[in-house]
Amino acid sequence: MEYFERPAGGERAILVHLELKQHGQDEDLHEFELLAASADVQVLTIVTGSRQRPDARLYAGSGKVAEIAALVAELNAEVVLFNHALSPAQERNLESVLKCRVLDRTGLILDIFAQRARTHEGKLQVELAQLDHLSSRLVRGWTHLERQKGGIGLRGPGETQLETDRRLLRIRIENLKERLEKVRQTRAQGRAARQKAGMPTVSLVGYTNAGKSTLFNRLAGADVYADDRLFATLDPTLRRLNLDGIGPMVLADTVGFVRHLPHQLVDAFRATLEETAQADLLLHVVDAASADRDIHLRAVQAVLQEVGATAPVLLVYNKIDALADREPSIDCDDQGRPQAVWISARDNSGMNELLLAMQACLATPWEWLWLELPPQLARLRSRLYSLGVVEEEVTNEAGGCRLHVRIQTPDLAQWLVREGLTRADVVVDLDPAAA
């Protein structure tokens, strides 16, 4: 019976990055180094190479793997990190040859998330993602347990230890999903309450390390942890604030995205990402000084599409302090609607421009109207007065009234629906001067 236990992990790492000419992979080596640094890994050396396509057994060729094995022995490396997605079989084969722990890009990102989770919800989401990732790797990590339990007190129903582990894993995953579903329901109730109160939600989204948390702190006057590293923010943060020209609103800071974000993370963090999907406005924060700016834009747009986000998007080009001759400004389309804002959250420049653009994006249309209300609609009249939108009232002999109101179009539609009315039932075309 083969005996194979996974080697213990560690912080002394060798990075492996291969250029695949016919595979269409576009992983970035510099970003991989930043991921390793964010995981607090001590990088001993970086092994690079190129192939036409991945090797089915080892991903890298046998010669390259032998080179890596020699470096592992020479440098006393504890883990080898591949900047690629490895299959369970490839991970096992590499660990057998290299005699040390092997992690792929997804495993590294999951490890970073595990380190950063602070809230109960965040820990649940990370554990679900890790177990989902682990479920397909049990078979190669525990082959020494692929036998039935035996011995005094251990004679079971014929279930192998591997099958037991898989069953327990499924039970734990289902338990986590149920608990996260309760989180999702709680968040949905909070969103419903904010919508009922007419309070807009603005969500910060963007590539990791684009400066979302720094901008969040500027807008909300908060002290959310912000650092120049990937995935500095993991747990979502919501703040209620009152901005000039906008009024009360909720600002949400979310986890940063990355190219080829593991599906396990997208699924596990779906309860959190719904804050993004249901927002009234998305501030898409972009590192304006990054050479991969366009690639990062497309990566974020792909994740937003995956989670079903359909809210209007305002591009926020951050870090203009790193660009020469770029001043804070607003870019508008042909109709004068803001499309992008150029700012520096660190230097606190461009904040006025950003607020003006947010005001324009969140602006709700107002109307000046004359409403003809019969006596039976006294409840609607009372509600309009409580909203403070009535400018003038003219009564008639039948006990009804005409109200001159300044009201937001969605609010009017909402109250008319509650009364079972349409605009044509109460709105009259009357010049205020003739009232």
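How many aromatic pairs does the structure hold? I found 1 aromatic pair, where rings of Phe, Tyr and Trp (its six-membered ring) pair if their centres lie within 6.5 Å.

A note on the source before going on: this is a predicted model, in which local features need pLDDT of at least 70 and side-chain atom pairs count only at pLDDT 80 or more, while totals for chains, interfaces and linings use all residues. Residues are numbered from 1 along each chain as its sequence is written, and side-chain values use heavy atoms, with hydrogens and water left out.

**Entry: the ring pair**

I looked up the geometry: the ring centres of Tyr-317 and Trp-342 are 4.3 Å apart and their planes are at 20°, so the pair is stacked. For planes, under 30 degrees apart counts as stacked, over 60 as edge-to-face and the rest as tilted. The pair links distant parts of the chain, with Tyr-317 in strand 9 (residues 313–318) and Trp-342 in strand 11 (residues 338–342), 25 residues apart. Helices (H or I, at least four residues) and strands (E, at least two) are DSSP runs, numbered from the N terminus.

Are Tyr-317 and Trp-342 buried or exposed? Both are buried, and I noted the cut-offs: buried is under 20% relative accessible area, exposed over 50%, partly exposed in between (1.4 Å probe, protein chains only). I also saw Arg-326 over the face of Trp-342, at 3.7 Å from the ring centre; such a charge needs NZ of Lys or CZ of Arg within 6 Å of the ring centre and within 35 degrees of the ring normal.

**Entry: Val-341**

Val-341 is in strand 11 and is buried, with a relative accessible area of 0%. I listed what Val-341 touches beyond four places in sequence, including Tyr-317, Ile-330, Leu-354 and Ala-357; contact means heavy atoms within 4.5 Å. The C-alpha atoms of Val-341 and Pro-328 are separated by 7.3 Å, the two residues being 13 apart along the chain.

**Entry: helix 12**

Which residues of helix 12 are buried? They are Met-351, Leu-354, Leu-355, Ala-357, Met-358 and Leu-362. Seen down the axis, the buried residues of helix 12 fall within an arc of 165°, so they line one face; the arc is that of the directions from the helix axis to the C-beta atoms. Asn-352 and Leu-356 are exposed, on the face turned away from the buried side of helix 12.

Asn-348 is not a glycine, yet has a positive phi of about 60°, and at 41% relative accessibility it counts as partly exposed.

**Entry: the cores**

I turned to the largest nonpolar core, which has 31 residues, and Val-41, Leu-81, Leu-108 and Phe-257 are among those with the most contacts inside it. A core is a set of buried Ala, Val, Leu, Ile, Met, Phe, Trp, Tyr and Cys residues joined through side-chain atoms within 4.5 Å. Elements giving two or more residues to this core include helix 1 (29–38) and helix 4 (105–116). A second, separate core of 24 residues includes Met-249, Leu-251, Leu-283 and Ala-345.

**Entry: the whole chain**

I counted 15 helices and 15 strands in the protein chain. Of its 435 residues, 45% count as buried.
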